[in-house]
Amino acid sequence: MKKKMFLLIITGSLLLLSGCWDQILVEQTGFPLQLGLELSPEHKLLITSIHPAINGKEKNQDEILISEGNLLRESRTRRETTTAKIINGGKLQQLLFSKELAVSGIQEIMEILERDSLNPPVSYVVVVDGSPKELMEKAQTFTSKPQPSLYINQLLVNNMNSAHTPDTKVYDFFIRYFAPGLDPITPLIKLEADEIRILGSALFSGDKMAGEIDTQQTALLLAMMGQSKNTELFFDPIEPEETESVKKGISLTNVRSRSRVRVKIENNRPAIDMALAFTASLVEYRRDALDQPPVQKKIEEQLARQIKQACLEIIHYTQEIGSDPIGIGDLVRAKYPAYWQRVNWREAYREATVNLQIKLDILQYGAIT
Amino acid sequence: MAQPQILNRLINKIKGLTLNVLSGTGQLESLIKDFPSSPFPQFQATERPDQAISSLIRGKFLIILDGTPVVLSAPVSFFDFFQKPDDLNFNWLFKSFIRLLRLLAMGLAVFLPALYVAIISYHFYIIPVNFLIPLAESRARVPFPPIIEVLFLEIVIELLREAASRLASHLGATIGVMAGVLLGVAGLSTGVISGSLVIVSMSTLIASLVLPCSDLGLSTRILKFSAIIFAAVFGVLGLVVTAAVTFAHLITLESLGQPYFQPLIPFKLGKNLQKRGGNDGKPTSDHC
Amino acid sequence: MENRHQITAKQLGIFILSSQVGLGVIGLYPALPKTVGHDGWIAILGAGVLSSISIAIIIALLRRYGEQSIFEINRYLFGNFFGQTVNLLLLLYLSFLMIAAFRYFTEFIKLFTLETTPELILALLIIVPTAYLSWYGLKPVARFSTIIFFILFCIVLLSFSTISRARLTFLLPVGAADPTALLKSIALAFLSFIGLELTVFLYPYVSDKHNVLKSVITANLCTIGFTLIVFLITTGLFGENLLKTQVAPLFNLSRYCRAPYFGRVDLFFILLWFPLLEGTFRSYFFTTYDCMRRFFPCKNQKILFSLYLVLTIFFSRLPKDFSQASQLAQIVNILGFAVIVFLVLCYLLSLINKRGVKSR
């Protein structure tokens, strides 16, 4: 019995004295919430990280660290030489790439985040129109916004939930990058005078950014991709309105959608056959006999036409820039492997014909009876 | 409904003892246990007649020692320690709820401080973003590593418990409250302990007070400290290993040859869904 | 504790299940997409059917000899000397597999949780629960294996939580891989069913022998189901090209999930990984120890057991690094396959050489 106790105490104290090899103490760690990546004038990676300053002189401030290097890890080590904390990316929320860098390809840079098990692949990939460094530095001066790192995080998360911008995690980016016939899309933000604005999404071709679309287009594109979320849409008035009122247009809320995409090969060209069914509630519109079924039917048809127009525009745009976020290529590969082997998909996608069917079902017309 | 071979086993064990002094039932228990060095109680000690009666009715044996108020009942399973005879007065819904609550309390009492140590010193990324900043701020004022901080507070709490049980009941309560409040406030303001740890330690204390059986309470306290030490060295892995060893031990344990973790492993559906009252008289023994 | 090795057929099934799943999870999923891409599920099904057939044959072999384990059977079949040689080879196989599983297990724990902790200390730590259980015999080991159900349940739950992001098209077109690769991959997929051969070593300990066939086949079916679900979900989510680059897709599945509020949930799955990986190691550790004890009768069990423990840790340190350790997994695959083929051949041989066969 005594021997056992002795052994227990010896091992316990030995472990405690020698142990704690992997220890990362919270208070000694700088946990960047955002990492900004851009190209420096010397054509190296310029990396800016921002983490909440713990017990800083002023409350609710962030610590910004900037360094240059060829590798993420290299620059992390450089950043550590200027701060009192040990930098650990375990809590990274967003990766902000400058547009310039995104155009030249970003997959290789992110690889370490997928590989190292301590880094979170759940962080979001974001493209900044402009310089991430400038955005982070400027964000410190916003007086009416919360702590910048939390502000950027919350801003993006909320807009992802309302489908204004896609929720692309590092893994989602990798999945779409590696899958043949499927291209990534990421959120796109921009620094404005006293705020940061969500512009919509950046479309990629492979891992290179190829184009951009706005927030409403993003919502529609997400619907076509089958990743629809509860969102809001705004449309032009149905027919030229005579009133001189400021209030114009239609607003839909609670928009949900189901999509069905099929492909065929016709005349050696892919033919996309897409059907989208929306349900929504109409919230804001001129009070005009909305309880009459014929009026309702007319509104639904007119709106469906407008949605169709917008969707077609998006598809043609993606064809033009050679990005395939909907995954038409993936469908072709699954259904017509022989054809897929034969053609270069980027070329074939440009020539694809589109047949789009939109059905809109308005479930509620406000509280109007 | 009681099984004679178990009784024979018990009688043989007691007959086999050669004793000069026997001062209490606890001493007897430690002499006739199947696993003498196990921290878990293998006999249920009680002073309450209703508890003893309910044990008898369920086919268990009682050991009554002349001159002591405490009676031992055996064979017991791990889950017997989470039941009280008054539970039967409740509706089945409340009864199950209370028992689940006690199991949860046991889990918290053993693993909560260790989890705190593991997360604070190894896995900070599991903490939600919004909570991470206040937590890091409260920790930044403490000069000691989490393990010292936790051991300090836990030992003080154990001392307090021990002291409170020595004193007369009204005095004990007052001193307990005063010491708790004063120590907490002073510790926080001087930065010896962090605010988040106070929450963790107090929850652990409350959870350990929920357990109806004092013997089991002692084993949870021992386990708590070993879990803290392993968590401090290996993080959450140390926690898992402690849990795995504890679980392995519970499965290996037997009380008078009966599996200790009885209705769950080996699994017996009929026993888990006992009828109200639960005295259907089926024997509990078979070896598997 | 009387009869501390006696178990029921059901417990044997659970024991086999937990030994099968652990190895498959870490070894199979990265290897399979490399050979057949998204058609790996066909290989898993094929290997599953094959393994079920071999279970039926192996148990028929055991039934012919009544209460005996494979060691006694070999002596009937090949004579005393050759029989013992074959037995020694089997024992070597078990030890090799046990050590490979242990090394692999340590490496994974190191890779995903504690990167700079000395491996020897890690090995000492994670062997503790296994050693404790094995010391107390087969019954506690088999009882402990029951937690495999909880772990499988959690993993399946995790898999289904990501199903909305999975693309069916990643699994199409069916049968794109060429037939020779498919055949090769069936042998590869057999890795996730290795563990069923433990039946032949532990058969004498089972109390209700007529149920053994049923419970081991059920365990095998569970393994097929679980392996299939995980393969389909990981392929459907990640796509074959990304899968080829990953070491442990099942672990990445937990890294993929973004939980509300917490953000990262991978820590919770480390908690599950430990007992899952330990399952395989535990089963082999006990079986090897048990066979050694029968092979080299020794009065002092304590000394034998401690020697065995020390040797396990020593041999598991021999591979130099992770890549050497993962090459071990391939050898394990081939060896396991060979042993199962050998057992099937034993059955055929027992039809000719009828020495020792119990007549009904």
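Mentor: We start with a term: two residues are in contact if their C-beta atoms, placed from the backbone, lie within 7 Å. This is a predicted model, in which local features need pLDDT of at least 70 and side-chain atom pairs count only at pLDDT 80 or more, while totals for chains, interfaces and linings use all residues. Residues are numbered from 1 along each chain as its sequence is written, and chains are lettered from A and ligands numbered from 1 in the order in which they are written.

Trainee: OK, so how many residues of chain A are in contact with chain B?

Mentor: On the side of chain A there are 23 residues, and they are in contact with 19 residues of chain B. Helix α1 (residues 2-18) of chain A gives the most to that side, with three residues; helices (H or I, at least four residues) and strands (E, at least two) are DSSP runs, numbered from the N terminus.

Trainee: And what about chain C, how many residues does the contact with chain B take?

Mentor: That contact takes 27 residues from chain C and 22 residues from chain B. On the side of chain C, α4(C) gives the most, with six residues. By class, this side of chain C has 19 nonpolar, six polar and two charged residues, where Ala, Val, Leu, Ile, Met, Phe, Trp, Tyr, Cys and Pro count as nonpolar, Asp, Glu, Lys and Arg as charged, and the others, Gly among them, as polar.

Trainee: Staying with chain C, how many helices and strands are there?

Mentor: Chain C has 14 helices and two strands, and its C-alpha trace spans about 60 × 45 × 35 Å along the principal axes. Buried residues make up 51% of its 360 residues, a residue being buried if 20 or more other C-beta atoms, placed from the backbone, lie within 10 Å of its own, exposed if 12 or fewer, and partly exposed in between.

Trainee: Switching to the sheet in chain B, what is the strand order?

Mentor: The order is β1-β3-β2 in an open sheet of three strands, with antiparallel pairing; two strands pair if DSSP finds at least two bridges between them. The edge strands, β1 (44-46) and β2 (61-64) of chain B, each pair on one side only.

Trainee: How many bridges join β1(B) to β3 of chain B?

Mentor: Three bridges join β1(B) to strand β3 (residues 71-74) of chain B, and the two run antiparallel. Within β3(B), B:Ser73 is the residue that stands opposite B:Gln44.
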